[in-house]
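Work through the exercises below with the sequence and the model side by side. Try each task before you read its solution.

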Amino acid sequence: MLKYGSRGSEAVDLKRELNRLGFGLNNAPRIGLAAMFAIKKFQNENNLIADGEVDGITVKEIRSKLYAQNKAPVIAPELDNVISFPQPAEEVEAEPFKDYPRGKHFTYWDFINPDDIYTVENGIPEEYWGNIQEVIDRLDKVQDFYPENKLIIRSGFRSEEYNKAIRGASDSQHLYGKAMDIYFVNRIINTYTLARELMRGELKGLFTGYGLGSNTNLHVDIRENKAFWWYKFKSWDQWKHYQNR
Ligand SMILES: [Zn+2]
C-alpha cells in the first residue's frame, strides 16, 4: 500500500498515472504532501474513502479513469504491486505527524482541503489547532455512533485566500478550524437524518452551529452561540455560494 512517506519506483509510477489524470505532481520517488493530497482529492471525487492510502480499490479506480479517457497506465504490472508494497519501518516518516491534532478516526490532515493551495503549502496556523482538536474529538463520537458508515469530511479549515476565492461567508467558522462540512460515504445515511440525530437525538450537544439544505453535506461547527440555518438558493450561483458558507 502506498501512502504518505512511501518511497520507491512505485511512488513515481503512481504519480505519473495521477498526472495523466490532470494532477501536476513532481517525479520524486516519494509520496509527499502534494501527492497525498492528490490521492485524497481523487478518492473524494470518486466516492472512495479519502484516506490518502492507495489500496487495490484506489488503483482500480485510477485505472478505470485512465481507460475511460483513452489514456494508458504507466507501467501496469509494476504498479499492481502497490497493493502489497512492502513498507520498511525506517522509511516511514512518523515524526512530522507527532504533535498534530488527531483522534481515533480523524486527524489534522482531514482539515486540509486539497483545493486550498495556501493551506496545503503553509499548513494550518497553530493558533487554530486547539479548535481542530476539539472538532476532531466531537467528530470521533459521531463516527463511533455510526460504526458501519464512514464519515467523509468535505471541507474543514479554510485560509482567508481560499475562503474569498470560493465566496465563503466573511466570518465563516471554517477560518478558525471550528467547522466541518460532512457527509457519509456513498451517502447511505442522508444529511437530514444525521442532522436530526445531532440536534435532537443521542448525539445532541456535540455542536452549536448547523447548516442544512441539501443532501450534499452538512455543516457543523463549535461556535460560541447556537446557530441553525437552511441554505436557501434561487440560482445556481447562489447555491454554490451557500455550499461554501
Ligand atoms: Zn461549512
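**Exercise 1. Find the bridge partner of Y210 in β4.**

Step 1. Y210 is bridged to V220 of β4. Strands (E, at least two residues) and helices (H or I, at least four residues) are DSSP runs, numbered from the N terminus.

Step 2. β3 covers residues 209-212 and pairs with β4 over 3 bridges, in the antiparallel sense. Two strands pair if DSSP finds at least two bridges between them.

Step 3. Check what you are reading. This is a predicted model: local features need pLDDT of at least 70, side-chain atom pairs count only at pLDDT 80 or more, and totals for chains, interfaces and linings use all residues. Residues are numbered from 1 along each chain as its sequence is written.

**Exercise 2. Work out the order of the strands in the sheet.**

Step 1. Strand β2 (residues 179-184) joins β4 through 4 bridges, and the two run antiparallel. Here I182 has L218 of β4 as its bridge partner.

Step 2. Go on from β3. It runs parallel to β5, with 4 bridges. G211 is bridged to W229 of β5.

Step 3. Write the order: β1-β2-β4-β3-β5, an open sheet of 5 strands with mixed pairing. β1 (151-155) and β5 (227-230) are the edges; each has a single partner strand, so one side of each has no neighbour in the sheet. From one strand to the next, the twist averages 25°.

**Exercise 3. Decide whether the faces of β4 are covered or open.**

Step 1. Recall the rule. Side chains in a regular strand alternate between the two faces of the sheet.

Step 2. Sort the residues of β4 (residues 218-221). L218 and V220 are on one side, H219 and D221 on the other.

Step 3. Apply the cut-offs. A residue is buried if 20 or more other C-beta atoms lie within 10 Å of its own, exposed if 12 or fewer, and partly exposed in between; C-beta atoms are placed from the backbone. These four residues of β4 are all buried, and both faces are covered.

Step 4. Look for a helix. α8 (residues 191-200) lies across β2, β3 and β4, and runs at about 160° to β3. Such angles run from 0 to 180 degrees between N-to-C directions, with axes as lines fitted to C-alpha atoms, for helices over the stretch in contact (C-beta atoms, placed from the backbone, within 7 Å).

**Exercise 4. Find where N47 and R167 lie, and say how exposed they are.**

Step 1. Start with phi. N47 has a positive phi of about 60°, although it is not a glycine. R167 is also a residue other than glycine, with a positive phi near 60°.

Step 2. N47 is in the loop between α2 (33-45) and α3 (56-68). R167 is in the loop between α7 (160-165) and β2.

Step 3. Count neighbours. N47 has 12 other C-beta atoms within 10 Å, so it is exposed. R167 has 14 inside 10 Å, so it is partly exposed.

**Exercise 5. Which helix has the lowest confidence, and which the highest?**

Step 1. The chain has a mean of 83.

Step 2. Compare helices. Helix α4 (residues 76-80) is lowest, at a mean of 51, and helix α6 (residues 129-145) is highest, at 96.

Step 3. Over residues 83-98, pLDDT stays under 50. Where pLDDT is low, the predicted coordinates should not be read in detail.

Terms used
Two residues are in contact if their C-beta atoms, placed from the backbone, lie within 7 Å. pLDDT is the predictor's confidence in each residue, from 0 to 100.
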